[in-house]
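Subject: Structure for you to look at

Dear colleague,

Here is the structure that I promised to hand over, and my notes follow below it. Please read them with the model open beside you.

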Amino acid sequence: MRRRSTSDLKTLMARATPLRSGDQLAGVAANSAEESISARMALADQPLTRFLNEPLIPYESDEVTRLILDTHDRAAFAPISAMSVGAFRDWLLSDEVDGAVLKAVAPGVTPEMAAAVSKIMRNQDLILAASKIRVVSQFRSTVGLRGRLSSRLQPNHPTDDPSGILAAMIDGLLLGSGDAVIGVNPASDNLQVLGELVEMMSGIIDRFEIPTQSCVLTHITSSLALIEQGRPVDLVFQSIAGTEAANAAFGVNLDLLAEVRSAALDLGRNPNGGQVMYFETGQGTPLSSAAHHGVDQQTLEARAYGVARAFDPFLVNTVVGFIGPEYLFDGKQIIRAGLEDHFCGKLLGLPMGCDVCYTNHAEADQDDMDVLLTLLATAGVNFVMGVPGSDDIMLNYQSTSFHDALYARRLLDLRPAPEFEAWLARTGLVDGRGHPLVTGGNHPLLQVLS
Amino acid sequence: MTEEVTRPQSHGIVTPARIGLGRTGASLPTRAVLDFALDHARARDAVHRPLDVGQVEGQLLGLGFSTLRVTSQAADRQAYLARPDLGARLSASSRDGLSSLGVAPDLAIVLADGLSSQALDHAPYVLQDLKALQADHGWHLAPVVIASQARVALGDEIGACLGASMVLVLIGERPGMSSPDSLGAYLTWQPKIGRTNAERNCVSNIRPQGLPPEAAARTLLWLLQEARRQERTGIGLKDLSGLKTIGPFTALP
């Protein structure tokens with residue numbers, strides 16, 4: 001016997017969400033601990049089909065809702081179509097359901113269904129269910145295979161000084177970082193500066209035949225301009241969110257994303273197919289632009305993954321603690337959000353990575369990041385960040401370091417992407433166990449700095 | 001035993017990034033772990049150290065400014081950090097106090113703790129050069145408002161209560177690991193509740209190792225006079241000044 005909730009679905013979803021400051025700021029959070037659990041009990045009883053029949057944000061006024069519903073795969077949905085949210089959780093965790101089953105059902109799962117089930121899952125459920133799923137993506141390296149952990153080398157510099165960025169790149173490569181991407185956040189949006197960074201990174205990758213790819217994380221229209229200039233753009237970056245209005249505040253829409261992806265595909269730089277996009281997301285971005293429609297921030301985050309999967313991305317990165325304590329107050333909330341995001345992304349079929357991070361005004365520190373990094377590595381996260389000494393001197397926040405990725409690999413016996421692992425061995429940067437070697441100043445990689 | 005990787009810095013390349021840290025096994029050497037922890041501790045202390053209003057008042061009186069004190073609706077630091085909306089509104093008593101003044105100045109200056117009260121150590125060096133507005137240009141300045149648990153947008157309500165043509169908020173920015181004391185300056189024409197960031201001009205990273213306070217004051221003097229001449233701040237003025245814009249997702253203190 002299912003209880004039909006009297007409140008509307010988006011209110012029920014918001015009340016059921018584990019506590020976070022962003023939902024309190026938006027005025028949609030539960031008012032007591034008991035109200036939150038009661039909402040979870042009611043949510044567990046809701047049929048999954050309700051999410052198809054009652055859009056949280058109207059179909060007529062939001063292109064993300066239209067994308068989600070218009071591309072929903074009824075055939076893939078069939079095995080779970082009679083389930084409630086609670087039954088869906090039990091099914092996800094059951095022994096019969098493995099990675100192949102979950103891959104087949106993914107096109108039938110909407111972001112709202114993924115968000116709903118995540119709200120009634122404990123952290124261990126999010127880890128175990130996600131660990132069943134491997135989403136493998138390919139550019140020059142293959143990311144997301146079981147037993148592998150990749151990293152984005154993030155060599156940022158406050159004034160985009162190419163020699164400073166190069167020094168951080170070399171430092172990271174020496175420590176086995178960069179197999180997901182070498183991706184720099186530029187301080188500038190000047191096309192000449194951006195173009196020189198693309199050329200510099202591409203030059204190092206070509207010269208040392210590194211099986212990886214580069215990305216300058218600039219607005220998609222700047223990437224398009226770089227492509228039109230004939231610059232060697234590997235991956236096209238864009239921040240995206242889960243509502244049309246929040247994407248508009250980012251200066252993007254679905255048509256623009258499709259247009260630029262098409263331009264990147266025409267360059268033909270991916271030797272293994274059509275995965276040329278790198279998306280970043282993070283809970284709270286729609287609220288920060290007043291574009292949240294009264295929907296809780298975790299559900300909106302899952303909708304951003306609905307946007308991402310329409311463009312077959314090579315990498316998706318949830319930048320979980322970047323936005324600040326008004327959205328995720330402390331280490332507990334950041335850890336929970338990181339696990340939710342990774343699970344929802346994987347369930348929807350995305351190659352999820354996570355920027356395990358925090359700002360100095362959040363109630364969090366490196367110990368919290370150690371916990372989240374370790375949990376995500378056990379859950380099978382595709383990649384994490386590699387920032388020199390965890391300290392991003394351009395964006396002024398703390399992420400995971402080159403050493404942190406080494407730690408997770410060592411602890412859990414994880415290895416880099418296979419092509420990159422072979423390159424590290426070939427180049428004399430690791431020993432027979434895959435451990436970094438002490439590298440003398442005459443190593444060719446260090447020669448580029450002199 | 002620590003296995004030192006070669007330090008790229010030894011090749012004479014300058015980046016403030018934490019490169020060439022060495023390692024022990026897969027892990028950071030002890031020194032690097034503790035150096036990082038110290039920098040984070042300083043940044044944390046900067047966020048949580050309360051503003052010493054009496055000390056700031058003393059400095060301003062010494063420079064010849066009169067002062068006012070206000071508080072936001074954020075009762076404590078926890079509320080301030082979790083609820084930016086409360087830090088952007090005046091407490092009832094502060095609002096009543098300002099509204100009764102009836103001064104209608106050309107410019108209201110607000111010193112706000114923001115996310116680093118320590119950053120206000122640099123404010124007197126900026127303000128001493130702004131006195132020229134009064135002395136040389138005949139501007140009518142309101143008493144300097146010292147605001148606790150304050151966000152940038154609190155200046156909008158302060159300026160509106162005072163009937164000011166413009167408000168300049170000097171505020172502690174989000175502390176970085178190597179910059180716990182960075183001061184930001186935000187200028188808004190015709191302040192009122194609900195102004196957006198696109199309607200402001202910003203001069204950021206004011207500190208001795210960043211943009212020196214004297215240089216910031218020169219930029220602000222230009223900006224203030226130009227804003228008054230054109231009767232606007234924000235995007236339009238940015239285009240002319242070449243100053244950086246504030247994006248829609250830029251987190252302000």
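Buried area is the accessible area, found with a 1.4 Å probe, that two parts lose on being put together, summed over both. This is a predicted model, in which local features need pLDDT of at least 70 and side-chain atom pairs count only at pLDDT 80 or more, while totals for chains, interfaces and linings use all residues. Residues are numbered from 1 along each chain as its sequence is written, chains are lettered from A and ligands numbered from 1 in the order in which they are written, and side-chain values use heavy atoms, with hydrogens and water left out.

Between chain A and chain B, about 3800 Å² is buried, and carbon and sulfur atoms give 62% of that area. On the side of chain A, the residues that lose the most area to chain B are A:Asn360, A:His361 and A:His403, which together make up 18% of what that side buries. Counted by contact (heavy atoms within 4.5 Å), 51 residues of chain A touch 41 residues of chain B. The interface also holds 2 salt bridges, a salt bridge being a side-chain nitrogen of Lys or Arg within 4 Å of a carboxyl oxygen of Asp or Glu. A:Asp391 forms a salt bridge with B:Arg18, and their closest N and O atoms are 2.7 Å apart.

Two strands pair if DSSP finds at least two bridges between them. The sheet is open and has 6 strands in the order E1-E3-E2-E4-E5-E6, with mixed pairing, and its edge strands, each pairing on one side only, are E1 (67–71) and E6 (200–206). Strands E4 (residues 166–172) and E5 (residues 183–189) of chain B are antiparallel and pair over 7 bridges; B:Gly172 has B:Leu183 of E5(B) as its bridge partner.

Finally, in chain A, the axes of helix H11 (residues 162–174) and helix H12 (residues 191–207) come within 11 Å and cross at roughly 35 degrees, where axes are lines fitted to C-alpha atoms, for helices over the stretch in contact, and angles run from 0 to 180 degrees between N-to-C directions. The contact is made by residues including A:Ile165 and A:Met169 of H11(A) and A:Leu197 and A:Ile204 of H12(A).

Best wishes

Terms used: Helices (H or I, at least four residues) and strands (E, at least two) are DSSP runs, numbered from the N terminus.
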